[in-house]
Amino acid sequence: MAMLRTVMSLAVAAMILELAMAANYIVGGENGAWDATTDLQSWAGAQSFLVGDTLTFQYTPNHDVLEVSQADHDSCQTSSPLQTYTGGSAVIPLSSPGKRYFICGTPGHCSAGMKLEIDTLATITPTPASPITPPPTESPLIPAPDVIPPASSPLPENSIPSPAESPELTPGFPSSPPTPLLTSPGPASFPSSFSPVSLPLPATSSSATKYSFQISLTTGFSLIIMMLLAF
């Protein structure tokens with residue numbers, strides 16, 4: 001029950017809003033009327049008729065209002081009207097979108113200009129607004145990556161830097177002796193291209209040579225005497 005009341009309340013509110021927004025158009029405008037002296041087509045072309053609006057025809061007793069088809073409107077045919085209004089005034093609601101056609105039924109008045117074409121629109125089509133182009137966004141600054149210098153290749157364990165590569169000594173301070181490099185004991189290895197160098201024997205003195213000659217001579221005589229005694 002409460003839901004039904006809510007729906008009915010919304011429907012009534014919509015009807016009231018529609019009636020409040022509806023417009024009543026007096027045919028011909030403030031300075032015109034439904035007669036042969038008013039430019040009715042120019043007046044109608046300057047209006048925007050919507051569903052819910054109304055047309056008010058005001059005319060003298062020698063005129064009437066006939067709603068007709070498009071063919072009868074164009075040919076001013078009054079024999080088969082869709083609706084007839086008399087009495088000096090007529091209020092016609094525009095309840096549906098589309099075109100409607102009206103003429104005066106007095107002979108000769110339609111051909112004199114008393115004819116009206118109404119185009120009723122469902123809603124007003126708003127003029128599309130030009131899109132607003134947003135300002136260009138500045139691209140964020142990307143910091144350059146830190147350049148890390150390449151690590152110098154380590155020196156081999158058994159290499160000693162040359163004097164040119166050694167850091168300069170501060171005058172007035174004694175240089176500390178280089179720390180000896182400790183290597184694991186093992187057989188010495190030589191490169192394949194290494195060839196041993198023959199070292200010359202140290203020269204003996206003349207007295208040593210004479211002493212060796214005397215010992216050799218004595219030994220030789222001893223051997224000869226022993227051989228003779230053996231025979």
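1. Aromatic pairs. This predicted model holds 4 aromatic pairs. One of them joins Tyr25 and Phe49. The two rings sit edge-to-face, 4.8 Å from centre to centre, with 70 degrees between their planes. Tyr25 belongs to strand S1 (residues 24-26) and Phe49 to strand S2 (residues 49-50), so the pair ties together parts that are 24 residues apart in sequence. Tyr25 counts as buried, at 17% relative accessibility. Phe49 is buried too, with a relative accessible area of 2%.

2. Another edge-to-face pair. Trp34 and Phe57 form an aromatic pair with 5.1 Å between the centres and 90 degrees between the planes. Trp34 lies in the loop between S1 and helix H2 (40-45), and Phe57 in strand S3 (residues 54-58), so this pair ties together parts that are 23 residues apart in sequence. Both residues, Trp34 and Phe57, are buried.

3. A cluster of rings. Which residues form one aromatic cluster? Tyr25, Trp43 and Phe49 do. Tyr25 and Phe49 are the edge-to-face pair with 4.8 Å between centres.

4. The disulfide. How many disulfides are there? The count comes to 1. A disulfide is a covalent bond between the sulfur atoms of two cysteines. Here the bond joins Cys76 to Cys110, with 2.2 Å from S to S. The link of Cys76 and Cys110 is left-handed, with -70 degrees about the S-S bond. Cys76 sits in the loop between helix H3 (70-75) and strand S5 (83-85), while Cys110 sits in the loop between strand S7 (98-103) and strand S8 (115-121), so the pair ties together parts that are 34 residues apart in sequence.

5. The two ends of that link. Cys110 counts as buried, at 4% relative accessibility. The backbone of Cys76 also deserves a look. Most residues other than glycine have a negative phi. Cys76 is not a glycine, yet has a positive phi of about 55 degrees. Cys76 lies in the loop between H3 and S5.

6. The cut-off for a disulfide is within 2.5 Å. Cys104 counts as buried, at 1% relative accessibility.

7. Salt bridge of Arg100 and Glu67. The whole structure has 2 salt bridges. Side chains of opposite charge can pair when their charged atoms come close. In one of the bridges, the side chains of Arg100 and Glu67 meet at 2.9 Å, N to O. This pair links distant parts of the chain: Arg100 is in strand S7 and Glu67 in strand S4, 33 residues apart. Strand S4 covers residues 65-68. Arg100 counts as buried, at 18% relative accessibility. Glu67 counts as buried as well, at 10% relative accessibility. The side chains of Glu67 and Arg100 also make a polar contact, at 2.9 Å.

8. Salt bridge of Glu117 and Lys99. Here the side chains meet at 3.4 Å, N to O. This pair, too, links distant parts of the chain: Glu117 is in strand S8 and Lys99 in strand S7, 18 residues apart. Glu117 is partly exposed, with a relative accessible area of 29%.

9. Which residues make the nonpolar surface patch? Leu217, Phe221, Ile224 and Leu228 do, and the patch is about 420 Å². Leu217 lies in helix H4 (residues 206-230). At 43% relative accessibility, Leu217 counts as partly exposed.

10. Reading strand S7. A few of the points above come together here. Arg100 of strand S7 pairs with Glu67 of strand S4. Lys99 of strand S7 pairs with Glu117 of strand S8.

Methods. Residues numbered from 1 in each chain as written. Predicted model: local features only at pLDDT ≥ 70, side-chain atom pairs only at ≥ 80, totals over all residues. Heavy atoms only, no water. Helix = DSSP H or I, 4+ residues; strand = E, 2+ residues; numbered from the N terminus. Buried < 20%, exposed > 50% of the residue type's maximum accessible area, 1.4 Å probe, protein only. Phe/Tyr/Trp six-rings, centres within 6.5 Å; stacked < 30°, edge-to-face > 60°. Patch = residues over 30% accessible without salt bridge, like charges linked within 9 Å, V, L, I, M, F, W, Y side chains within 5 Å. Areas by Shrake-Rupley, 256 points an atom, 1.4 Å probe, with all protein chains shown as cover. Salt bridge = Lys/Arg side-chain N within 4 Å of Asp/Glu carboxyl O. Polar contact = N/O pair within 3.5 Å; in protein donor to acceptor, adjacent residues only side chain to side chain.
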